[in-house]
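Welcome! Take a look at the sequence and structure shown here, and then we will walk through a few of the features together.

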Amino acid sequence: MSDLGIVIVSHSKGIASGIRDLLAEVAKDVAITSVGGHEDGGIGTSFDQVQMVVDQNPKSHLLAFFDLGSARMNLEMVADFTDKELSIMQVPIVEGAYTAAALIQAGVDKEVILQQLSELEIKK
């Protein structure tokens, strides 16, 4: 199995867990960690929680998917504090994460996965 894992960061606990559940249907062998919302249940993201799910993922190269700006900002800050290779994907969170999970499960090479994801890239 690949050394690629997936991290999902959303402002909503329900969105994060729903995406993780969806990915588990097609990628039962892929390491997927997720976080959504604040610890108190409110909408938002936090550096500490993002760092926790990055650290909890057993893989050394993580493809990270996010929903909104502060989720990306927290991923970028965590990338500075982790020894893991963190690739923050600028793609739609559901479609991008699903594509990555299915391809990792199928044993597709990392470069090919990144190429496929680049076709989904949001250019803003």
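## How two helices cross

In this predicted model, helix 1 makes a right-handed crossing as it passes helix 4. Helix 1 spans residues 13–26 and helix 4 spans residues 93–105. Their axes come within 9 Å and cross at roughly 30°. Angles under 35 degrees count as roughly parallel, so helix 1 and helix 4 are described as roughly parallel to each other.

Which residues make the contact between helix 1 and helix 4? From helix 1 come Ile19, Leu22, Leu23 and Val26. On the helix 4 side, they meet Ile93, Val94, Ala97, Tyr98, Ala101, Ala102 and Gln105.

## An aromatic pair

Searching the whole structure turns up one aromatic pair. The ring centres of Phe47 and Phe81 are 5.8 Å apart and the ring planes stand at 80°, so this pair is edge-to-face. Phe47 belongs to helix 2 (residues 47–56), while Phe81 sits in the loop between helix 3 (69–79) and strand 4 (85–88), so the pair ties together parts that are 34 residues apart in sequence.

Phe81 is exposed, and its relative accessible area is 59%.

## The annotated domain

An unreviewed UniProt entry carries the annotation "domain: PTS EIIA type-4" for residues 3–124. In the model, that span is 47% helix and 18% strand.

Methods
Residues are numbered from 1 along each chain as its sequence is written. This is a predicted model: local features need pLDDT of at least 70, side-chain atom pairs count only at pLDDT 80 or more; totals for chains, interfaces and linings use all residues. Side-chain values use heavy atoms; hydrogens and water are left out. UniProt positions are given in the numbering used here, feature names are shortened, and annotations may be inferred rather than shown by experiment. Helices (H or I, at least four residues) and strands (E, at least two) are DSSP runs, numbered from the N terminus. Rings of Phe, Tyr and Trp (its six-membered ring) pair if their centres lie within 6.5 Å; planes under 30 degrees apart count as stacked, over 60 as edge-to-face and the rest as tilted. Buried means under 20% relative accessible area, exposed over 50%, partly exposed in between (1.4 Å probe, protein chains only). Axes are lines fitted to C-alpha atoms, for helices over the stretch in contact, and angles run from 0 to 180 degrees between N-to-C directions. Angles under 35 degrees count as roughly parallel, over 145 as roughly antiparallel, 65 to 115 as roughly perpendicular and the rest as oblique. A crossing is left-handed if the near helix is turned anticlockwise from the far one by less than a right angle, and right-handed if clockwise. Contact means heavy atoms within 4.5 Å.
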